[in-house]
Amino acid sequence: MTPKTRASDAFSEGKTPHFEESARESLADTQLRRNLGKATQSIRRRRSSAVAEMPDWEELREAGYALKKRVMRHLDEYLLRLEESVTRAGGHVHWARDGEEANRIIAGIAKSHDAREVVKVKSIASDETKLNEHLEREGIRAFETDLAELIIQLADETSSHILVPAIHKNRSEIRELFLRELAVEELSDDPPDLTNVARLYLREKFLKAKVGFSGANFAVAETGTVCVVESEGNGRMCTTLPPVLVTLMGIEKIIPTWRDYEVFMQLLPRSSTAERMNPYTTFWSGVSEGDGPEEFHLVLMDNGRTDVLADEIGRQTLNCIRCSACLNVCPVYERTGGHAYNSVYPGPIGAILTPQLVGIGRPGSDTLPYASTLCGACYEVCPVKINIPEVLIHLRGKVVRHKQDKEGFKGRLDPENVAMQAMAKTFSNPKLYENAQKAARVGQWPLSRSGAIHRLPGRLAGWTDARDLKPIPEQSFREWWRSNRDGRNS
Amino acid sequence: MRVALFITCFNDTLFPETGRATVEVLERMGLEVDFPFEQTCCGQMHFNTGYQREAIPLVRRFVRVFKDYEAVVAPSGSCVGMVRELYQMAAGLANDEQLLHEVEELSTRVFELSEFLVKKLRVTDVGAYYPHRVTYHPTCHSLRMLKVGDAPLELLRAVRGIDFVELPEARECCGFGGTFAIKNADTSIAMLGDKLRHVLETEAEVCTAGDNSCLMHIGGGLKRQRAGVATVHLAQILASTEER
């Protein structure tokens, strides 16, 4: 299998490849296709039966949606309330406008404790800010402790799934990696053996680290309680063993009251891992003497989120609780995998979140809203009812308008734009439309062979690479109607 | 009842036989069918590809042409989905309250053929005879946007002589997706490959659906493989009788 290291993604400086180019590479990777197909199909089946057990699933989704909607409408108030309650509980709150500011704050805290090593768990937001690279430059090593993230870090790759970052790897590939990177002599590819090697390696890190770092699934405005949802217990160790804990959280992760966990703790596990109850759910409010870390810092990060909030159709994207159900059901993701998206957020949610966070007008991420057939499977499973197809279509509109309005002649002379303008003109008038039907019928003769078109020119060749095309028949429907039914109502 | 046929530009140009079949089925149900010649395209391709300002005049045209009909019927789930689910977004983009109001009012009267027959007319047996082995692909927009449910299956099961066989993993998208099929041709073809495999597993001679766009994609793949399986729109199966 080819290494999946990516120097640059949508959140890095510089150009990122287009989705369709990266997808072509991934589609050719047979091992990846097999690993992903197997994993997504199995979790899809399990999610479906876990959800079927709940008679009030639709009501729960509705409640999750309503709660998130309320949070977004009053986000400013909830954030101030959260700051107040975390501070009251003995924690420190920091505000970060963007990733760079968040990185500076976090590195500053680590340096103030002379920490050279940080243990880290469950934070995609920190992949967004490229925190590990930043710490490295400051002379601090970050060790990922979630098993899958450890695998990714050891392999020097990037994550390909929100919840199962190493979904693209099978166990024999992981065995080879551990043999190479963890200096073990002998190892089988049995999952318990693999886990054990990782455990021995990580335990030492947990005990030595002075600073622990985590992401956050939720934070309650009312009580200041931050929550990390995980399956291994490594997150629990990360957030309790080191004397200092730093948590990075996107500002949209807030929920109003403690009681609201009732809704999300039912929605999240069943949607993400198809479990009735999540194995390790860690809650903490500030610090408690003699229990857990002595110092707690919460970094609240914007990094483009308030721009998303300002967009009436796009803002529902911020409802996301990172369950990954949309990835697991997506027929595009199932085949291309996460790396094709060139973003820390892949799949359907990544296709709407990433372009909004980094801004429309970047060539690579502008292709993400097009990485979908609009089949709607994602919307059907989303536990907080994000209408992903609607946002995809909305973003496609923004991408095109940006091209037309901001890219001058280059945008307007784009062959797709020229063709679309011509067709819009044609459809604006039934006479022009009918003439175009006739012209196309005549114009297709050099392409048509024995009742089928096997090869189209230019970009349209994408169709005929694997599909024949039906030629335009002799008589259109309206011509038939005119000659058979005319006089009635034409 | 007098209904308007919304043929869709795609069927008008490429699949006139589907339009003729739709007229035949509706007339057999005792309805009077109108074909307003002023109709062109609903604007779906433009809108879904991002050319949304360009789609707004097409939305206005559609509303102007069809607003006085009691019911508007189309042999296409995705074009009806455009009208019912996305015209409001288009009106919002146009910042036109009047258009929004007209769109909301009209969209409840626009139907895909199978839901019109089963849910509106409450008919499942349309008197069809079709002695072939047939499988059915539920297109995504019929299934998830319009929620036509089992309507097409109920219609098919009532067809005399039919040897109906369920399609495995039927709810999986075929990979067409409009301009996706060209912009992301590789992914589209990878999805199509799995759909074709399932179609072939059924040993059906005909694969049917409520959308000729998806069928053109599936059929194009089957034809390229010389698979010996035809794609036929649901309306044409329903229009078939012993006589013809």
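How many residues does the contact take from chain B and from chain A? It takes 51 residues from chain B and 49 residues from chain A. Two residues are in contact if their C-beta atoms, placed from the backbone, lie within 7 Å.

## Ground rules

This is a predicted model: local features need pLDDT of at least 70, side-chain atom pairs count only at pLDDT 80 or more, and totals for chains, interfaces and linings use all residues. Residues are numbered from 1 along each chain as its sequence is written, while chains are lettered from A and ligands numbered from 1 in the order in which they are written.

## The side of chain B that touches chain A

Several helices of chain B each supply at least two residues of the side that touches chain A. Among them are α1 (9-14), α2 (16-28), α4 (52-66), α11 (185-201) and α12 (212-224). Helices here are DSSP runs of H or I with at least four residues, strands are runs of E with at least two, and both are numbered from the N terminus.

The residues on this side of chain B divide into 24 nonpolar, 16 polar and 11 charged. Ala, Val, Leu, Ile, Met, Phe, Trp, Tyr, Cys and Pro count as nonpolar; Asp, Glu, Lys and Arg count as charged; the others, Gly among them, count as polar.

## Chain A as a whole

Chain A holds 23 helices and 12 strands. Its C-alpha atoms fill a box of roughly 90 × 55 × 50 Å, taken along the principal axes.

Of the 490 residues of chain A, 47% count as buried. Buried means that 20 or more other C-beta atoms lie within 10 Å of the residue's own; exposed means 12 or fewer, and partly exposed is in between, with C-beta atoms placed from the backbone. Among contacts in chain A between residues at least 6 apart in sequence, 73% join residues at least 24 apart.

Chain A has a domain 1 (1-413) and a domain 2 (429-485). These bounds come from an automatic or database domain assignment. The two domain centres, taken over C-alpha atoms, are separated by 47 Å.

## Strand β2 of chain A

Strand β2 (residues 117-121) of chain A is mostly covered, with four of its five residues buried. β2(A) pairs in the parallel sense with β3 (residues 141-144) of chain A, over four bridges. Strands pair if DSSP finds at least two bridges between them. A:Val119 has A:Phe143 of β3(A) as its bridge partner.

β2(A) also runs parallel to β4 (residues 211-214) of chain A, joined by four bridges. There, A:Lys120 stands opposite A:Phe213.

## The sheet in chain B

Four strands of chain B form an open sheet in the order β2-β1-β3-β4, with parallel pairing. β2 (32-34) and β4 (110-112) of chain B are the edge strands, and each pairs on one side only. Within the sheet, β1 (residues 2-5) and β3 (residues 71-74) of chain B share three bridges. One bridge partner pair is B:Leu5 and B:Val73.

## A:Ile472

A:Ile472 lies in the loop between α22 (461-464) and α23 (477-485) of chain A. A:Ile472 counts as partly exposed because it has 19 C-beta neighbours inside 10 Å. Not counting residues up to four places away in sequence, A:Ile472 touches A:Ala440, A:Arg441, A:Gln444, B:Thr13 and B:Leu14.
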